[in-house]
Amino acid sequence: MAYKFVFYLLTFSLLVYSAFACNLDDLTALLEFKSTVHRDTSGRLEKWVGRSCCEWDGITCGNATGRVTKINLPGLISTSDFIAQTKMEGFLSPSITLFPSLEVLNLGGLLGLSGNIPNTIGFCLPKLRKLHLYGNNLSGPIPGSIGRMLNLEEIQLQENKFSGSIPPSIGSLKRLQRFYLYSNRLSGLIPDSISRLRNLVTLDLHDNALNGSIPQKIGALKSLKELDLSNNHLSGKIPVSITNLTAISTAYLDTNFLEGEIPFPVSPGDLPALGFLRLQNNLLTGKIPTTFGYLSSLQRLSLASNRLEGPIPSSFSNLSHLSELYLDQNHLSGTIPESIGKLSRLMILTASHNMIQGPFPQEMSSLENLQTLDLSFNDLNLNEMPNWVSRLPSLSRIFLAGCGIQGNIPETLRATPSPLQELDLSANSLTGSIPAWIGRLTALYSLNLSRNSLILDIPETITNLQDLGIIDLHSNNLTGSIAKVFKTQTQFSDGSLTYVDLSENGFSAGHESIGIGSQLRIQVLNLSNNFLKGGFPTSIGNLGSLKALDISSNHIVSGLPETLGNASSLEILKLQRNQLSGKIPSDLLKLRKLKQLDLSDNLLEGQIPTGKPLNGFPMSSYSGNKVSQKRNSEALCHVSPPPPSLYMIDKTTGILMKPIR
């Protein structure tokens, strides 16, 4: 009886020991991993003390063996009470390969781990099912030995700095379901062996430098639901086998160099689950297949920025779930089909920069859910905007630039069912003045009326546009003061305006209001080619976000204010062809981000302040003034340049350049 008691006691003790005191080899490997991390904002590693490593944060052991089976230390920590993004800084220790029972390795999203994946990982972790190292600073190649980890179900290595090619051995991972390599520096071909991964559900390789063609047998991935190969250097034709992807719901092949005709769908029932298709920014040619009407589940379709030609297929009317359609920047022609009015769920329609002809079909007035309409720069020759456009109940973004609209700004826009947020009627033949009712469009964020023949002042009511972020009125015949633009009311402490272009008009005053008041977020300001008179606005230095300033070709008569140096974000400064006088203030040396400078054809004098960035610009930036560059006494001791025959002057920049031989 006593022997049985001792036996049970020993058994219980072993179970307790195995549950809390992990294997000595595993303990050593964990401590080695900890030693290579010099910062852990989560505080988890500092609690790794003692021998009971199976109790440590992020560590799970097998009950029977006491061996580590899971290392789960993600950067994003989520509980019922809070969500926190933590960080580990340090080196990924090779000791992560010393856990023969490991099934899950999750060090994803730690932001600061560097180093390489050990080459031996595939030989040492035979039981691994999930490999999550995403969101770090890891680099180097993906080891070929990864193909020996036959139990792998998930590989998440995205958002690192991995380079080299995808190892063909990946094709051996028959259990792999999710494969994420996006946002790395991978190059080379997509291996054909990837077509053998019959259980693959997600394949995401976007934002790399992969080249070559899409594997011809990619259609063999019968379980594939999500495919993203966008933003690479892929070329060649889209494989016909893609029609065999019966489970695919998302296919992003955009921003590559794919060419040829779109080969799918072929017949009814092809790609029955496809809801999201992106083919934009490629070199695709031919017509949009009339068979697109077979894609009955399609919700979003982008074919923009290709070389597609011919008409918009009337079969689009069969896409009853379509909510977004992007066809801009192609060579499409013909008229918009009447059947497009059947797309009752359509919210976004963009077909700008094509050769589509007018008129609009009246059936488009049935698009009750349409929020964005962009048909700019086609051959529509509308003469006037159809009245039904402004009556569409959901429409808030109207882009009809270059559509041949004539006369006054359409009166029907003054009261639309849905508040207008963006309005672009640029490059038309609009005449008359900007109406006072424009101030009623209080939800307006972007207003572009440039390249028309508008006259008279900007109305006082424009100050009511408290959400206005972009205003472009360039190339009109507007006159008077621009002050109203900079006095626009805003609900933001530093203003709402970010982009202002009032160039190529006849404005003569109001620039002294720049930088006074609450409109201080302006990033781009173009007032060139007007008749602005008086001094340079000293308060312009209050625009701390200003990146580009152009006041060239006006009648500014004053010195350059020292406060201009406070606009420390400036990258482009163009003040040529004014009557600026006095010396160039040394405060302009504060403009450390300046990349373009033109002060030519003014009345400036004296020496150009010594130092960067001012000394880094060619003398053509200062020509037509009475300024000189201070000669550095040390430069007198330098060796003279080679004979002129070896060099030439760049006529654009004025920089001495060595010719190409």
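I'll start with the whole protein and then visit some individual residues.

Please keep in mind throughout that this is a predicted model.

So, what is the protein built from? There are 49 strands in it, along with four helices. On the overall dimensions, the C-alpha atoms fill a box of roughly 110 × 75 × 60 Å along the principal axes. The radius of gyration is 33 Å, whereas a compact globule of 661 residues would come out near 26 Å.

What share of the residues is buried? The figure is 51% of the 661 residues. The accessible surface comes to about 29800 Å², and carbon and sulfur atoms hold 52% of that. If we take the contacts with a separation of 6 or more, 57% of them are between residues 24 or more positions apart. As for charge, the protein has 54 positive and 51 negative charges, and their mean positions are 7 Å apart.

Now let's go to a helix. Asp26 sits in helix α2, which covers residues 24–35. Is Asp26 buried or exposed? Its relative accessible area is 1%, so it counts as buried. What does its side chain reach? That would be the backbone nitrogen of Val68, at 2.9 Å. Leaving out residues up to four places away in sequence, Asp26 touches Arg67, Val68, Leu98, Phe99 and Pro100.

From there, on to some strands. Gly112 is part of strand β8, residues 111–115. With a relative accessibility of 11%, Gly112 is buried as well, because the cut-off for buried is under 20%. Beyond four places in sequence, Gly112 is in touch with Lys87, Met88, Glu89, Gly90, Asn136 and Asn137. To give you a sense of distance, pick Pro215, which is 103 residues from Gly112 along the chain: their C-alpha atoms are separated by 34 Å.

Next comes Ile155, in strand β11, residues 154–156. The relative accessible area of Ile155 is 0%, so this residue is buried. Phe179 is 24 residues away from Ile155 along the chain, and the two C-alpha atoms are 4.9 Å apart. Phe179 is also on the list of residues that Ile155 touches beyond four places in sequence, and that list includes Leu131, Ile146, Ile170, Leu173, Leu176, Arg178 and Tyr180 too.

Let's turn to the loops. Ser241 lies in the loop between β18 (235–237) and β19 (250–252). Why do we call Ser241 buried? Because its relative accessibility is 16%, and buried means under 20%. Not counting residues up to four places away, Ser241 makes contact with Gln216, Lys217, Ile218 and Gly219.

Thr285 is another loop residue, placed between β22 (283–284) and β23. With a relative accessible area of 31%, Thr285 is partly exposed. Setting aside sequence neighbours within four places, Thr285 touches Gly260, Glu261, Ile262, Arg307 and Leu308. Asn381 is 96 residues from Thr285 in sequence, and the C-alpha to C-alpha distance is 26 Å.

Last topic: the backbone. Most residues other than glycine have a negative phi, and most peptide bonds are trans. With that in mind, where can we look for cis bonds? Pro265 is in the loop between β20 (257–260) and β21 (276–278). Another cis bond joins Lys612 and Pro613, where omega is about 5°. Pro613 is in a loop too, between β46 (603–608) and β47 (626–629).

And for phi, let me show you a pair of serines. Ser305 has a positive phi, near 55°, and sits in the loop between β23 (300–302) and β24 (309–310). Ser553 also has a positive phi near 55°. You'll find Ser553 in the loop between β41 (548–550) and β42 (555–556). Is Ser553 buried or exposed? Ser553 counts as buried, because its relative accessibility is 15%.

How values were computed: Residues are numbered from 1 along each chain as its sequence is written. This is a predicted model: local features need pLDDT of at least 70, side-chain atom pairs count only at pLDDT 80 or more; totals for chains, interfaces and linings use all residues. Side-chain values use heavy atoms; hydrogens and water are left out. Helices (H or I, at least four residues) and strands (E, at least two) are DSSP runs, numbered from the N terminus. Buried means under 20% relative accessible area, exposed over 50%, partly exposed in between (1.4 Å probe, protein chains only). A polar contact is a pair of N or O atoms within 3.5 Å; within protein, one must be able to donate a hydrogen and the other to accept it, and residues adjacent in sequence count only if both atoms are side-chain atoms. Contact means heavy atoms within 4.5 Å. The radius of gyration is taken over C-alpha atoms; the globule rule is 2.2 Å times the number of residues to the power 0.38. Accessible areas come from the Shrake-Rupley method with a 1.4 Å probe; for residues, only the protein chains shown count as cover. Lys and Arg count as positive and Asp and Glu as negative; His and the chain ends are not counted. The place of a charge is taken as NZ of Lys, CZ of Arg, CG of Asp or CD of Glu.
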